[in-house]
Structures are given as structure tokens and as C-alpha cells.
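Open the model in your viewer and keep the sequence panel beside it. The stops below say what to select next and what is there.

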Amino acid sequence: TILRGVLAAAELLEKEFGVPADVFSVTSFSELRREALDAEHWNLLHPGEPRRTPYVQQCLAGHAGPFIAATDYMRTVPDQVRAWVPGRYHVLGTDGYGRSDSRAALRNFFEVDRRWIALAALKALADEGRLDLATVASAIERFGIEPGPQVLRSRHRIGFDEPEQLIRRNAAVDDLAQRRRRVRNPAEDAALGLDHPQAHFV
């Protein structure tokens, strides 16, 4: 799971850079958000009563941050609780098209493996003036991360095609998808060498 990668990143930070890290495991960011919204709604309607503190704020109270969230889902998922995180909050996730590859290769491509998690923490500390930027630059080199466009940086490591091949392949896929989406015409399909199905799904 992604939690193992986070734990590995925390170990990497402490051993290599002397930066300790606390790790929190989140079962559901959506439920945390719902609970926080419920607490805010209750506070709105009960001004004379003691305020209710959202659970995520209770968990993070006393922690100065920065806070790094890592997920195998899209970044919008952990971003749901941003309003209740008491400090700098940086989210890592797998935004983009689905890809069929090993989990390790995918996390490298989407920049959410232990190296990227550790790097995000170091950069956030540097942005707050608590770490020098030279340490961040050193980490990029030590982690073997190549600055540059994502597809160019990753294609050789996990077997992606060259950009020109990707463009041609994506164009062919788009053309096929357009054929499938349009209303099918038996005469046109016969000319294209396509079978005309008896049922259509939109």
C-alpha cells in the first residue's frame, strides 16, 4: 500500500537528512471532510455552546508541519481536508490516465514513491526557511530524479515509447474512439471493414 511508501520516506528523511517525521494513516479523506463540515455546521447553529473541533484538527494539533499527503488516488481526494490542516499542505497523487505497469513504476511516473514523498517534505521545509535549498538540490541528485517533462523523464525507466510514437498511438486511439462514439452506419462501416453490431451502447 501507499502507507509502506510513506513509512519508507520517513525512514529515508531521518537516516539521510536528519529530519524526523510523524506518519498518520487516513482511512477516508471523504469521511474526514464530512465530519469536519458537520462540526462547522454545529458550531454555526450553536454559538453559545463549546466549539466542536474537527477530528483532523484534533489529530494534527501541536504539529507544526509542513504536512505531506500521499495517495494512490487523484490529488483532489486528500485535498478535501486542506481547510483543516494547520500548516503548509502538499498533496501527491496519481492524476492522469490509467497505465498498466508495475506498481513501483507507476508510483515513479506519478511522482508518489518514497523518493518523491521525501523530496516534497524537504522542499516544503525549505519553502518555510527551515532547510537550505542546497539540501533539496542534493536530494534530487541522490534520489536519481531527472528534472524535466514527466513523460520524457520516465519513459526509459518504465518502458514507455518515444514521444513521437506516443503521439501516433494516441491519435490512432482517438480516431478509433470517435468511430465507436458516433452513430453507426452499416454502409460506412462496411467501407471501413467494420462489423455493424446489433446493439449500441453510449
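A salt bridge here is a side-chain nitrogen of Lys or Arg within 4 Å of a carboxyl oxygen of Asp or Glu. This is a predicted model, in which local features need pLDDT of at least 70 and side-chain atom pairs count only at pLDDT 80 or more, while totals for chains, interfaces and linings use all residues. Residues are numbered from 1 along each chain as its sequence is written, and side-chain values use heavy atoms, with hydrogens and water left out.

Select Asp-95 and Arg-75. Their side chains meet in a salt bridge, 3.3 Å from N to O. Asp-95 lies in the loop between strand 2 (89–92) and helix 4 (103–109), and Arg-75 in the loop between strand 1 (67–70) and strand 2, so the pair ties together parts 20 residues apart in sequence. Helices (H or I, at least four residues) and strands (E, at least two) are DSSP runs, numbered from the N terminus.

Next, colour by secondary structure. The protein chain has nine helices and two strands, in the order α-α-α-β-β-α-α-α-α-α-α from the N terminus.

Go to helix 2 (residues 29–45) and pick Glu-31 and Arg-34, three residues apart, about one turn of the helix. They form a salt bridge with the closest N and O atoms 2.5 Å apart. In helix 1, select Lys-15 and Glu-11, which are four residues apart and so separated by about one helical turn. This salt bridge has an N to O distance of 2.8 Å. Lys-15 is exposed at 63% relative accessible area, whereas Glu-11 is partly exposed at 44%. The classes are buried under 20%, exposed over 50% and partly exposed in between (1.4 Å probe, protein chains only). The structure holds 10 salt bridges; a network of them links Arg-88, Glu-128 and Arg-130.

Now turn to the interior. A nonpolar core is a set of buried Ala, Val, Leu, Ile, Met, Phe, Trp, Tyr and Cys residues joined through side-chain atoms within 4.5 Å. Which members of the largest core touch the most other members? Of its 24 residues, they are Leu-119, Leu-122 and Phe-143. The largest share of this core, nine residues, comes from helix 5. Leaving aside neighbours within four places in sequence, Leu-119 is in contact (heavy atoms within 4.5 Å) with Val-136, Ala-139, Ile-140, Phe-143 and Ile-145. Apart from this core lies another, of 12 residues, among them Phe-29, Phe-67, Val-85 and Tyr-89.
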